[in-house]
Number of protein chains: 4
Amino acid sequence: MKNFRSDNEAPVNPVILAAIQNANQGFSESYGYDQWSLQLNERFQQLFECWCEVLPLTTGTAANSIATALMAPPYGAVYCHPQAHILVDECGAPGFFSGGAGLIPVAGADGKIDANTLTETLRNSGHHGEHELLPSAISITQCSEAGTVYSLAELKAIKAIADKHDLALHMDGARFANALVSQNISPAQATWQAGVDLMSLGATKNGAMMAEALIIFNPKFNKEIRRWRKRSGHLVSKMRFISAQLLAYLDNDLWLQLARHANQQAADFAEGVSQKAELLYPVSANEVFCRLPITKIEQLEQHGYLFHRWPGTKDVIRLVFSHATTPEATQQLINATIK
Amino acid sequence: MKNFRSDNEAPVNPVILAAIQNANQGFSESYGYDQWSLQLNERFQQLFECWCEVLPLTTGTAANSIATALMAPPYGAVYCHPQAHILVDECGAPGFFSGGAGLIPVAGADGKIDANTLTETLRNSGHHGEHELLPSAISITQCSEAGTVYSLAELKAIKAIADKHDLALHMDGARFANALVSQNISPAQATWQAGVDLMSLGATKNGAMMAEALIIFNPKFNKEIRRWRKRSGHLVSKMRFISAQLLAYLDNDLWLQLARHANQQAADFAEGVSQKAELLYPVSANEVFCRLPITKIEQLEQHGYLFHRWPGTKDVIRLVFSHATTPEATQQLINATIK
Amino acid sequence: MKNFRSDNEAPVNPVILAAIQNANQGFSESYGYDQWSLQLNERFQQLFECWCEVLPLTTGTAANSIATALMAPPYGAVYCHPQAHILVDECGAPGFFSGGAGLIPVAGADGKIDANTLTETLRNSGHHGEHELLPSAISITQCSEAGTVYSLAELKAIKAIADKHDLALHMDGARFANALVSQNISPAQATWQAGVDLMSLGATKNGAMMAEALIIFNPKFNKEIRRWRKRSGHLVSKMRFISAQLLAYLDNDLWLQLARHANQQAADFAEGVSQKAELLYPVSANEVFCRLPITKIEQLEQHGYLFHRWPGTKDVIRLVFSHATTPEATQQLINATIK
Amino acid sequence: MKNFRSDNEAPVNPVILAAIQNANQGFSESYGYDQWSLQLNERFQQLFECWCEVLPLTTGTAANSIATALMAPPYGAVYCHPQAHILVDECGAPGFFSGGAGLIPVAGADGKIDANTLTETLRNSGHHGEHELLPSAISITQCSEAGTVYSLAELKAIKAIADKHDLALHMDGARFANALVSQNISPAQATWQAGVDLMSLGATKNGAMMAEALIIFNPKFNKEIRRWRKRSGHLVSKMRFISAQLLAYLDNDLWLQLARHANQQAADFAEGVSQKAELLYPVSANEVFCRLPITKIEQLEQHGYLFHRWPGTKDVIRLVFSHATTPEATQQLINATIK
């Protein structure tokens, strides 16, 4: 196992695959009225210790884009990091769903929006009336695209800015489980208690087959979400097979176990290579960005290791560790890297 | 088994479920570069005996809507039957994807566009220049929403109109397999040889878990289809699990067997109740619309039978027979209906 | 003067042209902060005897389309007559502005929505949840595209249906002045007192150069209308020249005088030809649709008369009388028609 | 006359106003089939010494946004300067018209895209397939938003990049006349001979009432432009009054005279204050950005001078000189500034 390219390339966890099989019991209501889907709201409300509304989906792009359409009018602006998936990796989907809302990049170190930069950006916004987009929302990625994690203090600072400017706060939680176990806090603390209004929760990268969810914490944004899903073609008829994945993902803290395992592999690797490789960002979750001699990168490739050479750089690679990465594979990679 | 409400409520066929499990072999490329997805074009080209491009998707609405965006500009008009799924059952998705194209209803008996009415509609279109939508495409559903099937002669008549007005021809094949076995013709004859430019091919209703495909026969419409998929949130990362379904669906003619079975149940039911119930449309595939005394409808409901009372009527019900409907279940329904 | 093709082809009334010249006094604030534009709200509030918000625009399509976007979400349905300008003459603009809302035709005699048909249409809507568009608004044209006028009783019946289904009521008042003088009621009675939530008020056809206005009576729809205008490119920088037209249009009841004149010409023509021509609709305003022998139609054309042969008919023509149609021209047309 | 806030606040030039009056001769064809509108293509073809197609409009935002929709698909990217009007001053209109295309800022000194930065930006684009927007076009503003002018050499460098990456080249010519007289080259040299595919030509700021035009030089982009205009509500019925402005604007080189006058005022001011004020950019056209002591800025304001304090700065103001700025007014402003 030499694949460190993406957790999207990992297989489905056997427990989740079994849940899919178990859901294949005869006929069942379609379009979300099955017994699995009908459990979701209650299950997530227990988990997050609050009211919430859950919309099961098959992709994170769908979750992020419906979230954007709920938060931002067609003439709205959403502030995000320059590396944000919604800005650079979704082929304009948030603009498409929202009818033309703009994504405004706000820089910051370690893949995270800097609160001061955000304050400054907003200070220079909104003085030009209808000529400008209406500041509408902030979207943060947790874990960030740099594999880092916003601390609660950082979230609090951003939330204060959101409140001051009456902006919605969205969390792209494609790797939320990895962030959660990294911080050792509760789902509630990590989201609505920190002021998150809506979250895209990913399960696919962390062991599911295709299962994501848009979770609405603030009822203000709970508006015709089922119609948004349908009109974007995301209402899966046999939804039980999505919902069953989400339930199995949460049961017995499977999601946390899987994320903890993935994070541990990344931590072990970071520690193992720390003398030989420059780590670009703090390693808080399951991704490691490191600078290596080009000859070393080429050597690893020749030995069959799979990873991303990072665009815009010559000697930086991204390594992603997953629920299915074995400790042996991690150790082999360490050895190959440092020898 | 008393569920005749929709083939969407049927379980996944075991062969297809096994194919999903078999695809869960370790790590694999994501986003369609896995070994299953990479087979699709060749597999469908063999099947259809022509060049074609296949875009695997999870819903028929996505396939129909991307097809609309490919065929019709934002200022285009698409002609369809008043009962067409794209017009009445997709919450405006085709208008959303295309950026505002209009769907123009063209009536016809038995759920099928009438060629003369279409000719008349087009005769009165296009004289008002830019004030009007640009006639762009025709979309037919095969099998139709009335469970009927366009004959090759009917298709030919519509294609001639399409050619005369330079319109694309799209087939919504949510139940294409059922139409195919009904007509006993080849996939090629039923589609591109009859002039179909693009088809939404459904597998979900006929035994898959969630697997549909947009198939482009006319290279003119093969334009950035992967970007259309991505920006609408339909690029599933672990695509191997969709593609494996499609491959298993076709292997050993499974799709035809399943459809033949479903159609047979419908035919048996139609014959069995013909003395007691008025059939609204010819029964050519796996759906039966019949008029029954209201007391009989209520009695069936009380006995636990599930079906749709048809909107806009008082005494018409729709019964759908599926790959998983047993002959015994069909016979029991016949008995319950005629006794 | 033999032009009866459209009131859009008539010249600008001299009083309005003079108002444009008078507005050309040195420098003035742009984008609607000039002294003319700043008067509009108060001027229209006096006229309509109520709170209202006025958005000056250059075209009726812009007014109708922004109105649609304000009333209907992207997944909304707007009910209108099959002949409605928004449905058949705006190249899909309402669908574009709203992000994909659907326009649902509701038939009725004399170019007016029939209340019973509307009731029936709505009875069959809304049972299919997210699969369907959300019923959102009704749009009526006053005068209608057939040159007829909804009576207050007819408006009341439609408003009752709107209230029952929680639908917004929009009036396309491209020829509102003609309707008003036809009914001899006040602007208030004709609009908000009859339940109209938003109106597109046209001045261009009735003597202005290019001046229309979206008028919001119901504050519920007064949401970021200036941003809607800007992002559709309709924020004219030197807006004083639009607003000055609107003010002159209303001053000294000019608009009513002009409309009364136009209506009188139509009435005179209708009476003058009544023995020789079949009138298709009651003549209530400034348009006459009449059936004539084809030889007569051709003869009129040969004599240089300009009018529309009505699409979809062989022997029906539309004649439009305007503020600039002289009584002599009308009499000559009568003579030419009946001789 | 103390208004240096914007050329949008200047009055209409008397010659152009007279042309409007002269166009008010009785009835005339509507929607662009009048004698004035029908002259436009030929008139502009003479002017630009090439084939071109002209679409008269009332706002520059409309011209820019239709241009964007013609150049970029909904999944396309358009590269522009961070200060570009289309990016920061049009409330998202280009994203709206195009259905979600992204505007990518590319920095550069003096309000102009830097060719090296553009090369670098494009080098890092396009490696991520469908996850990314498709590089589609470059939009430059001439004169730029900083009042500077791209030299022919600068245009050539950008065009070379456009060609290399198969990108369309759009020029936002809201103040094109000012750029032209600044460079002393022909309209042909300044546009299509420099590789411009489409241009938004403004007349409003330079003496018209409301008259802009989208000019298509490359027939590849001449696709259903009238439908784009109609569906965005920009088809003015009495178009003769727009077209007459454009004709008068060009006749006898009026546009060049007016622009030359405005530029001269700016040059005189820049020279007059050069010892006392820091000029932020080279003064090439009719705008001056200068840094002054805050007390001086306040003093000018107290004396009734109107100008923009530049957002994001404390002591920078923008002064715009227009066709209607008198030399006396300019001299007074110089005196007030330097004393």
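Pro56(D) stands opposite Ala213(D) in strand 7 of chain D, which makes a handy place to begin looking around. This is a predicted model.

- Strand 1 of chain D runs antiparallel to strand 7 (residues 212–216) of chain D, and five bridges join the two.
- Helix 11 (residues 240–250) of chain D packs on the sheet, where it touches strand 1, strand 6 (198–202) and strand 7 of chain D. The direction of helix 11 makes about 120 degrees with that of strand 1 of chain D.
- The open sheet of chain D has seven strands in the order 1-7-6-5-4-2-3, with mixed pairing.
- At the edges are strand 1 (53–57) and strand 3 (102–105) of chain D, each pairing on one side only.
- From one strand to the next, the twist averages 20 degrees.

**Where chain D meets chain B**

- Chain D and chain B each bring 21 residues to their contact.
- About 1800 Å² is buried between chain D and chain B, and carbon and sulfur atoms give 56% of that area.
- On the chain D side, the most area is lost by Tyr75(D), Glu130(D) and Arg227(D), which together account for 45% of what that side buries.
- Four salt bridges are found across this interface. One of them links Glu130(D) to Arg229(B), with the closest N and O atoms 3.6 Å apart.
- There are also 10 residue pairs in polar contact between chain D and chain B.
- Helix 10 (residues 225–231) of chain D gives the largest share of the chain D side, six residues.
- By class, the chain D side has eight nonpolar, four polar and nine charged residues.

**Where chain A meets chain B**

- Here the contact takes 52 residues from chain A and 52 residues from chain B.
- The two chains bury about 4400 Å² between them, with 62% of it on carbon and sulfur atoms.
- Phe27(A), Phe96(A) and Lys238(A) lose the most area in chain A to chain B, together 20% of what that side buries.
- Two salt bridges are counted between chain A and chain B, including the one from Arg5(B) to Glu29(A), whose closest N and O atoms are 3.8 Å apart.
- Polar contacts join 26 residue pairs of chain A and chain B.
- Among the helices of chain A that each supply at least two residues to this side are helix 1 (14–22), helix 3 (60–71) and helix 5 (93–98).
- The chain A side divides into 21 nonpolar, 19 polar and 12 charged residues.

Terms used: Residues numbered from 1 in each chain as written. Chains lettered and ligands numbered in written order. Predicted model: local features only at pLDDT ≥ 70, side-chain atom pairs only at ≥ 80, totals over all residues. Heavy atoms only, no water. Contact = heavy atoms within 4.5 Å. Buried area = accessible area lost by both parts, 1.4 Å probe. Salt bridge = Lys/Arg side-chain N within 4 Å of Asp/Glu carboxyl O. Polar contact = N/O pair within 3.5 Å; in protein donor to acceptor, adjacent residues only side chain to side chain. Helix = DSSP H or I, 4+ residues; strand = E, 2+ residues; numbered from the N terminus. Nonpolar A, V, L, I, M, F, W, Y, C, P; charged D, E, K, R; others polar. Pairing = 2+ DSSP bridges. Axes fitted to C-alpha atoms, helices over the stretch in contact; angles between N-to-C directions.
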